[in-house]
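Thanks for coming. Please look at the sequence and the model on the screen, and I will talk through them in a few steps.

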Amino acid sequence: MKTKTIVLIHGLFVNNTSWKNWKTYFEAQGYNVYTPSNPGHDGNPIDLKKNIPSELKNVGFDDTVESLVKLIDMGKAVAGVSIDGAPPKNVMAPISTVKIVWPVVNFFKGDSAFLGTKEWYHNAFFNNYSKAESDKLYESIAVPESRKLTRDPLFKSSAKIDLKKPHEPLLFIAGSNDHIFPPEFSRKIANAYKHEKSVVDFKVFEGRSHFIAGEKGWEEVAEYILNWLGKLQ
């Protein structure tokens with residue numbers, strides 16, 4: 001019997017602690033689950049906000065990819081799932097996305113680490129919650145981020161994908177109330193993959209924000225992914 005393994009890769013502005021419930025869920029389904037932390041992101045979010053890692057100013061896109069490659073190995077994945085995922089270099093983001101991430105990308109800030117305010121997180125991440133609830137989530141989940149990591153995909157050739165080449169099955173998941181990557185943008189990313197014989201599926205979860213993997217009802221999203229993976233076997 002083949003060993004079933006899932007690697008849960010966290011996105012920007014959070015770290016691998018956000019996958020705690022997902023790790024438990026998929027392990028209960030018989031999977032080996034890894035939740036690597038991006039460079040400069042390891043630790044308790046509360047502590048990371050108090051003492052921002054100095055290495056964050058140097059962490060870039062290639063550094064992050066290389067750290068994941070050491071665990072996964074290139075070409076070994078049999079499927080991929082993008083949950084409110086960022087686009088490759090060759091898919092243009094809408095103005096609404098640019099506006100909300102500008103405080104991070106802001107070139108006038110140099111390579112200083114970015115730590116979003118409670119207000120920024122409430123607008124960008126926790127918009128399905130009251131301000132009071134959002135502030136509590138901020139304390140336990142938000143982490144400092146590398147500005148270099150957010151900017152690199154805009155310029156580096158390594159962030160460009162050959163969208164016409166064959167690939168393993170891909171599932172793109174979007175939340176209808178995502179303020180960073182609205183669902184129509186996630187659909188645009190999915191539709192950009194053009195190889196006619198490769199599987200590309202797309203699913204919108206109504207009422208979900210960019211915090212889709214952590215907010216109320218995350219189990220429904222995890223179950224959908226579990227069933228999608230099961231159909232591939």
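Where is F13 found? F13 sits in the loop between β1 (5-7) and α1 (20-28). I will return to that residue, but two remarks on the source come before that. This is a predicted model, in which local features need pLDDT of at least 70, side-chain atom pairs count only at pLDDT 80 or more, and totals for chains, interfaces and linings use all residues. Residues are numbered from 1 along each chain as its sequence is written, and side-chain values use heavy atoms, with hydrogens and water left out.

Now the overall fold. The protein chain has nine helices and five strands. Helices (H or I, at least four residues) and strands (E, at least two) are DSSP runs, numbered from the N terminus. The order along the sequence is β-α-β-α-α-β-α-α-α-α-β-α-β-α. The radius of gyration is 17 Å, close to the 17 Å that the globule rule gives for 233 residues, so the protein chain is as compact as a globular protein of that length. That radius is taken over C-alpha atoms, and the globule rule is 2.2 Å times the number of residues to the power 0.38. Along its principal axes, the C-alpha trace spans about 45 × 40 × 35 Å.

Of the 233 residues in the protein chain, 43% are buried. Buried means under 20% relative accessible area, exposed means over 50%, and partly exposed is in between (1.4 Å probe, protein chains only). Take the contacts, meaning heavy atoms within 4.5 Å, between residues at least 6 apart in sequence: 77% of them join residues at least 24 apart.

Back to F13. This residue is buried, with a relative accessible area of 6%. Its phi is near 75°, a positive value in a residue other than glycine. D84 is another residue of this kind, with phi near 50°, again positive and again not in a glycine. D84 lies in the loop between β3 (80-83) and α4 (95-105). At 4% relative accessibility, D84 counts as buried.

F13 also brings us to the aromatic rings. Ring pairs link F13, F114, W120, Y121, F125, F126, Y129, Y138 and F211 into a cluster. How many aromatic pairs does the structure hold? There are 22 aromatic pairs. Rings of Phe, Tyr and Trp (its six-membered ring) pair if their centres lie within 6.5 Å; planes under 30 degrees apart count as stacked, over 60 as edge-to-face and the rest as tilted.

Here are two examples. The ring centres of F126 and F211 are 4.9 Å apart and the planes stand at 85°, so the pair is edge-to-face. F126 is in the loop between α5 (118-124) and α6 (131-141), while F211 is in the loop between β5 (200-205) and α9 (218-232), so the pair ties together parts that are 85 residues apart in sequence. Both F126 and F211 are buried. The second example is F205 and Y224, with centres 5.7 Å apart and planes at 85°, so that pair is edge-to-face too. It links distant parts of the chain, with F205 in strand β5 and Y224 in helix α9, 19 residues apart. Is F205 buried or exposed? At 3% relative accessibility, F205 counts as buried, whereas Y224, at 31%, counts as partly exposed.

Strand β5 also holds V200. At 27% relative accessibility, V200 counts as partly exposed. Leaving out residues up to four places away in sequence, V200 touches H167, L170, F172, A190 and Y193. G80, in strand β3, is 120 residues from V200 along the chain, and their C-alpha atoms are separated by 9.7 Å. Which residues is G80 in contact with, leaving aside its neighbours within four places in sequence? They are P169, L170, L171 and W228. For another pair, V200 and H41 are 159 residues apart in sequence and 31 Å apart in space, C-alpha to C-alpha.

At 4% relative accessibility, S186 counts as buried. Not counting residues up to four places away in sequence, S186 touches A174, F181 and F202. S186 and A93 are 93 residues apart in sequence, and C-alpha to C-alpha they are 9.7 Å apart in space.

That is the end of my part.
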